[in-house]
Structure formats: C-alpha cells, structure tokens
Amino acid sequence: KLYQLAVSPIAARVRIALYAKGMTLLFAAPPGGLGTGACRKITPLGKVPFLVCDDCAVIAESAVINEYLEEQFPDPALLRAGARLVLPYGI
C-alpha cells in the first residue's frame with residue numbers, strides 16, 4: 001500500500017514509476033493526515049509518500065521507494081543496465 005496524496009509532486013514520482021512498470025497498487029491517504037500521531041506511528045517522518053508492504057519494513061522517501069520497486073520488479077527496467085541511482089544531498 002502506498003500512502004500518498006494526489007497533490008504531492010514527490011508522491012507523483014512513485015506513481016509514475018508504478019504506472020511505467022504497469023503495476024497497480026492500493027493508494028491511501030496517510031492515516032489521520034500528515035504529521036499526526038497516527039501517521040507517525042507508521043513512519044516517524046510523518047510525510048508522504050511511504051510504502052508499506054508484506055515483505056518489508058516501511059519504506060519512506062520517493063527515491064528509496066523507486067529503488068526498491070526497481071530491485072523487486074526489474075521488468076520493465078526503468079534504469080539502463082549499469083545505471084546507478086544518485087540520491088540528492090549525499091543521502
């Protein structure tokens with residue numbers, strides 16, 4: 001399940017990757033709203049997007065979510081062979 005807001009340009013990065021891979025995923029608004037106690041119980045950041053899946057812990061940050069999707073679902077590839085994901089600000 002991808003917790004996101006339709007108006008979030010950051011969440012749009014993940015939606016674009018999902019659509020490009022032909023994947024369907026349940027989208028949901030963060031429980032209680034952004035930054036609330038209910039949301040922070042799932043992710044301490046209290047921000048969207050964050051991914052909750054059966055086989056992993058909660059994954060936050062769009063670049064990390066997209067990297068996870070690329071590793072778990074390599075076809076169709078969104079990165080060319082040998083490409084490396086570069087995270088901003090040395091994350």
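## Strands and sheet

In strand β4, isoleucine 59 is the bridge partner of leucine 51. Strand β3 covers residues 50–51, runs antiparallel to β4 and is joined to it by two bridges. Two strands are said to pair if DSSP finds at least two bridges between them. The model is a predicted one, in which local features need pLDDT of at least 70, side-chain atom pairs count only at pLDDT 80 or more, and totals for chains, interfaces and linings use all residues. Residues are numbered from 1 along each chain as its sequence is written, and side-chain values use heavy atoms, with hydrogens and water left out.

The sheet is open and has four strands in the order β2-β1-β3-β4, with mixed pairing. Its edge strands are β2 and β4 (59–60), each of which pairs on one side only.

## Overall make-up

The chain has three helices and four strands. Read from the N terminus, these elements follow the pattern β-α-β-α-β-β-α. Helices (H or I, at least four residues) and strands (E, at least two) are DSSP runs, numbered from the N terminus.

A compact globule of 91 residues would have a radius of gyration near 12 Å, and the 13 Å of the chain agrees with that. This radius is taken over C-alpha atoms, and the globule rule is 2.2 Å times the number of residues to the power 0.38. Along its principal axes, the C-alpha trace spans about 40 × 30 × 25 Å. The accessible surface of the chain is about 5800 Å², and 60% of this belongs to carbon and sulfur atoms; the areas come from the Shrake-Rupley method with a 1.4 Å probe, and for residues only the protein chains shown count as cover.

Of the 91 residues in the chain, 31% are buried. Buried means under 20% relative accessible area, exposed means over 50%, and partly exposed lies in between (1.4 Å probe, protein chains only). Among contacts with a separation of 6 or more, 48% are between residues 24 or more positions apart. A contact means heavy atoms within 4.5 Å.

## Nonpolar cores

The largest nonpolar core has nine residues: Leu2, Val14, Leu18, Met23, Leu51, Ile59, Ile65, Tyr68 and Leu69. Helices α1 and α3 (62–72) each supply at least two residues of this core, and α3 gives the most, with three. A second, separate core has six residues, including Tyr3, Ala28, Val48 and Ala60. A nonpolar core is a set of buried Ala, Val, Leu, Ile, Met, Phe, Trp, Tyr and Cys residues joined through side-chain atoms within 4.5 Å.

The buried residues in α3 are Ser62, Ile65, Tyr68, Leu69 and Glu70. These buried residues pack against β1 (2–3), α1, β3 and β4. Isoleucine 59, leaving aside neighbours within four places in sequence, is in contact with Phe50, Leu51, Val64, Ile65 and Tyr68.

## Two buried polar residues

Lysine 21 lies in the loop between α1 (9–20) and β2 (27–28). Its relative accessibility is 9%, so lysine 21 counts as buried. A polar atom of the lysine 21 side chain lies 2.8 Å from the backbone oxygen of proline 76. Beyond its neighbours within four places in sequence, lysine 21 is in contact with Leu69, Glu70, Phe73, Pro74, Asp75, Pro76, Ala77 and Leu78.

Glutamine 4 is in the loop between β1 and α1. This residue counts as buried because its relative accessibility is 8%. The side chains of glutamine 4 and arginine 15 make a polar contact at 2.4 Å. A polar contact is a pair of N or O atoms within 3.5 Å; within protein, one must be able to donate a hydrogen and the other to accept it, and residues adjacent in sequence count only if both atoms are side-chain atoms. With neighbours within four places in sequence left aside, the contacts of glutamine 4 include Ala11, Arg15, Phe27 and Val48.

## Residues with more open surfaces

Aspartate 75 is in the segment after α3. With a relative accessible area of 66%, aspartate 75 is exposed.

Leucine 45 is in the loop between α2 (37–42) and β3. Leucine 45 has a relative accessible area of 41% and is partly exposed. Not counting residues up to four places away in sequence, leucine 45 touches Arg40, Ala60 and Glu61. Leucine 45 and glutamate 61 are 9.4 Å apart, C-alpha to C-alpha, and 16 residues apart in sequence.
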